[in-house]
Each structure stands twice: as structure tokens, then as C-alpha cells.
Amino acid sequence: MVARKHRLCPRVARGRCGTGIFTRLLLDHGNVVHAIEPNDGMRAAAEAALGSNSNFVSINATAEATTLPDHSVDLVATAQAFHWFDPDPTRREFNRILKPGGWVLIVFNTRRDRESAFMQAYEDFLHENAVDYPHVDHRRVDEERLRAFFGDYREWRGQHTRVHDLQGVMGLSSSSSYTPAPDHPRHAAFYDSLRRLFAEHQKDGHVEFLYQTEAYLGRPRA
């Protein structure tokens, strides 16, 4: 979906854009992105980070009711969010807003939590300190749910590593839905524990997050 000179920019609906991390990648490739986010705090963070880009359109809505016109987008893209959606209303809504022949892209970054001491410790930390973490884990999205949504789809998988300092780890955690919000009684304790975890595992002021990226591309069932 790269926009080339003298071609119209593809229009993308970004389902549940969060703080805008994946949305920025879509914008960098020249797409017009309608960033849909129902959470006021996350939407405000995305607007602060991306609002200067004229191709960025922030929308207070949900995946099940985007408010976009019929047949108005070329691609619906969702990263780290599909597990939040109510499948049947979302499928109907995506079919409504997609142009004929349009696609849906679902992306997950899954931590390889058994492949290093820090990754295992971080997973244990989330189970102990995050809010409802086991109930919002995207790994609940399996082949059966994907086939119910798509029918046939294409799949890609690849591994990568991200290196973060303490500030990066704090920012990464704050973008997750299961992190206690600032007004939550466990907010301060969560970040105090996270700082201790980082101090125990850091090397030269950094830790490594090991990921497997999973991407699924298809057209939703009628």
C-alpha cells in the first residue's frame, strides 16, 4: 500500500489506533489514515504525535461502528487490537466501509516469552501486576476465529528484536490496554515494580524484547 508519485494515496481505516505506533508506519508510506480509537487518552496521544500530518484523520469511534462512509477505504488495518472486537458486527462494518476488492490486515506482535530470562520475567510481571492481563491476551485469536472472520486468508510470520532503555520500556507498557491507568490505585506500584525489573535485567542500560510478528491478510466473509 505504498503511494507513488502521480497516484492517489490509498485510504486506510486504522481500527483501534491506540497511541499511533502502527499508524505512523502507514502514514510514512503515504497513506491517508482514518485512525479510529474510542479511548480518549490513547486518541489524544495519537493526535499529539501525528496531528501535524495532513494525511492523519482522528475519529472517536469503534471498529464495530466506524462512522466512515460506505465503500470509502481500500484497506482496514488493525494491530494488537483484533481480539477486542466483537467479530460479527466488526465483519459487517468492515464489509460496509471497504471498497470492492478491499482488504483487511490483522497484525500481532507476540512476545517470545520463553526465549530469554527477561522475557519470562516480564511475562510473569504482567500476570502479577497488570489489569486483567490473561483475559485480554491476543493469543486467544486462533485459526478458528480467523477463518470465521475471513474464510481464506494469507499469513506471514517473522521474528525480530527490539532494544529499549528504561524510557522505552515505560512507553511500551503505557501503550498497552492492561497497564493500570494513571487514576488506577495500582498505577504507581506497577511502574515501581517495572523499574526494579528493568534494573535487574538491563545490560548497558538496555533490555531486549524478542517478538514474533504475525500478519493475516484477507477479505471478510460476506
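When I say contact, I mean heavy atoms within 4.5 Å of each other. With that in hand, here's a number for this chain, which is a predicted model, by the way. If you take contacts between residues at least 6 apart in sequence, 73% of them join residues at least 24 apart.

Okay, the overall picture. We've got 7 helices and 7 strands, and if you walk along the sequence the pattern goes β-α-β-α-β-β-α-β-α-α-β-α-α-β. What about the overall dimensions? The C-alpha atoms fill a box of roughly 50 × 40 × 35 Å along the principal axes. A compact globule of 222 residues would come out with a radius of gyration near 17 Å, and this chain has 18 Å, so the two agree. Buried residues account for 45% of the 222. As for the surface, the chain exposes about 11,800 Å², and 49% of that is supplied by carbon and sulfur atoms.

Now let's go inside. Which residues of the largest nonpolar core touch the most other members? Those are Val-76, Phe-82, Val-104, Ile-106, Leu-146 and Phe-150, out of 23 residues in that core. The elements giving two or more residues to this core are β4, at 73-79, α3, at 87-97, β5, at 98-111, and α5, at 143-150. The largest share comes from β5, with 4 residues.

Thr-78 is in strand β4. Leaving out residues up to four places away, Thr-78 touches Leu-105, Ile-106 and Val-107, as well as Phe-85, Arg-14 and Gly-15.

And there's a second, separate core, with 20 residues, including Ala-121, Tyr-122, Ala-130 and Leu-197.

Next up, helix α6, residues 166-174. The buried residues here are Val-169, Met-170 and Ser-173. Looking down the axis of α6, they fall within an arc of 100°, so they line one face of the helix. What covers them? The cover includes α4 (117-129), β6 (153-164), α7 (187-201) and β7 (207-218). And at the N-terminal end of α6 there's a cap: Asp-165 puts a side-chain oxygen 3.3 Å from the backbone nitrogen of Gln-167.

His-71 has a positive phi, near 50°, and it's a residue other than glycine. His-71 sits in the loop between β3, residues 56-59, and β4. With 48% relative accessibility, His-71 counts as partly exposed. Then on to Gln-80, in the loop between β4 and α3. Gln-80 isn't a glycine either, and its phi is positive at about 60°. What is the relative accessibility of Gln-80? It's 35%, so Gln-80 counts as partly exposed.

That's my tour. Questions welcome.

Technical notes: Residues numbered from 1 in each chain as written. Predicted model: local features only at pLDDT ≥ 70, side-chain atom pairs only at ≥ 80, totals over all residues. Heavy atoms only, no water. Buried < 20%, exposed > 50% of the residue type's maximum accessible area, 1.4 Å probe, protein only. Arc of directions from axis to C-beta. Polar contact = N/O pair within 3.5 Å; in protein donor to acceptor, adjacent residues only side chain to side chain. Rg over C-alpha atoms; globule rule 2.2 N^0.38 Å. Areas by Shrake-Rupley, 256 points an atom, 1.4 Å probe, with all protein chains shown as cover. Core = buried A, V, L, I, M, F, W, Y, C linked by side-chain atoms within 4.5 Å.
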